[in-house]
Amino acid sequence: QVQLVESGGGLVQPGGSLRLSCVVSGSIFSINAMGWYRQAPGKQREWVATITSGGSSNYPDSVKGRFTISRDNAKNTLYLQMNSLKPEDTAVYSCNAEVVLTSRSLSIYWGQGTQVTVSS
């Protein structure tokens with residue numbers, strides 16, 4: 001019913017930047033909060049950023065000041081601008097969205113993830 005597809009990952013040197021995108025498609029009536037998470041090998045999934053439908057955002061201290069989450073509601077697209085990247089930012093980054101379907105039911109959906117590798 002709903003698909004989330006991330007893009008924009010890749011290999012970047014420390015100090016570099018990347019911009020991730022997440023396109024939401026399907027039987028969508030509206031989208032509430034959206035977020036980014038990451039999981040490094042051997043570690044638990046970690047919250048990276050959240051943005052409400054009104055545009056309010058939150059970040060953990062580990063990325064605050066370096067990462068910026070944004071969304072284009074007209075395009076059902078979520079973004080994550082990542083600056084000053086560090087090797088410890090290396091992980092698979094996934095997006096999620098709380099979606100109100102055209103049936104008016106509410107569910108949370110996840111994308112498959114995109115690999116971000118920060119290395120010299």
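This report describes strands, a nonpolar core, salt bridges and a disulfide in a predicted model.

## Basis of the report

The structure is a predicted model, in which local features require pLDDT of at least 70 and side-chain atom pairs count only at pLDDT 80 or more, while totals for chains, interfaces and linings use all residues. Residues are numbered from 1 along each chain as its sequence is written, and side-chain values rest on heavy atoms, with hydrogens and water left out.

Strand β11 spans residues 114-118; strands here are DSSP runs (E, at least two residues), as helices are (H or I, at least four residues), numbered from the N terminus. One face of β11, formed by Thr114, Val116 and Val118, is covered, whereas the other, formed by Gln115 and Thr117, is uncovered. In a regular strand the side chains alternate between the two faces of the sheet.

Strands count as paired if DSSP finds at least two bridges between them. Strand β2 (residues 10-12) runs parallel to β11 and is joined to β11 by three bridges; in one of the pairings, valine 12 has valine 118 as its bridge partner. Strand β9 (residues 91-101) also pairs with β11 over three bridges, but in the antiparallel sense. There, valine 92 stands opposite glutamine 115.

## Valine 5 in strand β1

Valine 5 belongs to strand β1 (residues 2-7). Its relative accessible area is 52%, so valine 5 is classed as exposed; the classes are buried under 20%, exposed over 50% and partly exposed in between (1.4 Å probe, protein chains only).

Apart from residues up to four places away in sequence, valine 5 touches Ser21, Cys22 and Val23, where contact means heavy atoms within 4.5 Å. The C-alpha atoms of valine 5 and threonine 114 are separated by 8.9 Å, although the two residues are 109 residues apart along the chain.

## The nonpolar core

The largest nonpolar core contains 32 residues, and those with the most contacts inside it are Val24, Trp36, Leu80, Met82, Tyr93 and Val99. Such a core is a set of buried Ala, Val, Leu, Ile, Met, Phe, Trp, Tyr and Cys residues joined through side-chain atoms within 4.5 Å. At least two residues of this core come from each of β1, β3 (18-26), β4 (28-39), β5 (46-51), β7 (67-72), β8 (77-82), β9 and β11. Strand β9 gives the largest share, six residues. In soluble globular proteins, nonpolar side chains tend to be buried together.

Beyond its neighbours within four places in sequence, tyrosine 93 is in contact with a set of residues including Leu20, Trp36, Arg38, Val48, Phe67, Leu80, Met82, Thr114 and Val116.

## The disulfide

The whole structure holds one disulfide, defined as a pair of cysteine sulfur atoms within 2.5 Å. The bond joins cysteine 22 to cysteine 95, with an S to S distance of 2.0 Å. Because cysteine 22 lies in strand β3 and cysteine 95 in strand β9, the pair ties together parts that are 73 residues apart in sequence.

The torsion about the S-S bond is about 65 degrees, so the disulfide is right-handed. Both cysteine 22 and cysteine 95 are buried.

## Salt bridges

Four salt bridges are found in the whole structure, each being a side-chain nitrogen of Lys or Arg within 4 Å of a carboxyl oxygen of Asp or Glu. Arginine 38 and glutamate 46 form one of them, at 2.8 Å from N to O. Arginine 38 is buried at 6% relative accessibility, whereas glutamate 46 is partly exposed at 30%. Another salt bridge links lysine 64 with aspartate 61, with the closest N and O atoms 3.5 Å apart; aspartate 61 is exposed, at 69%.

Arginine 66 and aspartate 89 form a salt bridge whose closest N and O atoms are 2.7 Å apart. Arginine 66 lies in the loop between β6 (57-58) and β7 and aspartate 89 in the loop between β8 and β9, so this pair ties together parts that are 23 residues apart in sequence. Arginine 66 is buried at 11%, and aspartate 89 is buried at 0%. Salt bridges with shared partners join Arg38, Glu46, Arg66 and Asp89 into one network.

## Positive phi angles

Most residues other than glycine have a negative phi, and most peptide bonds are trans. Asparagine 76, in the loop between β7 and β8, has a positive phi near 50 degrees and is partly exposed at 25% relative accessibility. Serine 84, in the loop between β8 and β9, likewise has a positive phi, of about 50 degrees, and is partly exposed at 40%.
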